[in-house]
Amino acid sequence: MEQDMVAYILADECQFNGEDLRRRRAESVRNVRKTNGCISLEQHVRGAWEEDDE
């Protein structure tokens, strides 16, 4: 239930266009395949913070 709520909130706030949504989905698929589906939200956030620092 919580994931569904978060998905709707993000979709409403971010209003991604079709191309951006496809790109983000492809990135998510790569991440899941690379980690065998085992990655925590904390790991993902830390990775995003590290990218921002570069």
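Colleague: Where does Asn31 sit?

Modeller: Asn31 is in helix H2. Bear in mind that this is a predicted model.

Colleague: How far is Asn31 from His44, C-alpha to C-alpha?

Modeller: Those C-alpha atoms are separated by 9.6 Å. Along the chain, Asn31 and His44 are 13 residues apart.

Colleague: What happens at the start of H2?

Modeller: Asn17 reaches in there. One of its side-chain oxygens comes to within 3.1 Å of the backbone nitrogen of Glu19.

Colleague: And which residue has a positive phi just after H2?

Modeller: Asn36. Its phi is about 55°.

Colleague: Switching to charges. How many salt bridges are there?

Modeller: The count comes to three salt bridges.

Colleague: Which residue does Glu19 pair with?

Modeller: The side chain of Glu19 meets that of Arg22 in a salt bridge, at 3.5 Å from N to O. Both residues lie in H2, three residues apart, or about one turn of the helix.

Colleague: Why does that spacing work for a pair on one helix?

Modeller: An α-helix has 3.6 residues a turn, so residues three or four places apart point the same way.

Colleague: Is Arg22 buried or exposed?

Modeller: Arg22 counts as exposed because its relative accessible area is 54%, and the cut-off for exposed is over 50%.

Colleague: What about Asp20? Which residues does Asp20 bridge to?

Modeller: Asp20 is linked with Arg23 and Arg24 in a network of salt bridges. The closest N and O atoms are 2.4 Å apart for Asp20 and Arg23. For Asp20 and Arg24 they are 3.0 Å apart.

Colleague: How many residues apart are Asp20 and Arg23, and how many for Asp20 and Arg24?

Modeller: Asp20 and Arg23 are three residues apart in H2, so about one helical turn separates them. Asp20 and Arg24 are four residues apart, again about one helical turn.

Colleague: Is Asp20 buried or exposed?

Modeller: Asp20 is buried, with a relative accessible area of 17%. Its partners are another matter. Arg23 is partly exposed at 44%. Arg24 also counts as partly exposed, at 38%.

Colleague: Let's do pockets. What volume does the largest pocket have?

Modeller: About 660 Å³. Its lining is made of 16 residues.

Colleague: Which of them lie nearest the centre?

Modeller: Leu10, Arg24, Ser28, Leu41 and His44.

Colleague: Which helices give two or more residues to the lining?

Modeller: Helix H1 (2–14), H2 and helix H3 (41–53). H2 gives the largest share, six residues.

Colleague: What does the lining look like by class?

Modeller: Eight residues are nonpolar, five are polar and three are charged.

Conventions. Residues numbered from 1 in each chain as written. Predicted model: local features only at pLDDT ≥ 70, side-chain atom pairs only at ≥ 80, totals over all residues. Heavy atoms only, no water. Polar contact = N/O pair within 3.5 Å; in protein donor to acceptor, adjacent residues only side chain to side chain. 1 Å grid on protein atoms, 1.4 Å probe; cavity = no way out; pocket = protein on both sides within 12 Å on 5 of 7 lines; lining within 4 Å. Points joined across faces, edges and corners; volume = space filled by probe spheres on them. Nonpolar A, V, L, I, M, F, W, Y, C, P; charged D, E, K, R; others polar. Salt bridge = Lys/Arg side-chain N within 4 Å of Asp/Glu carboxyl O. Buried < 20%, exposed > 50% of the residue type's maximum accessible area, 1.4 Å probe, protein only.
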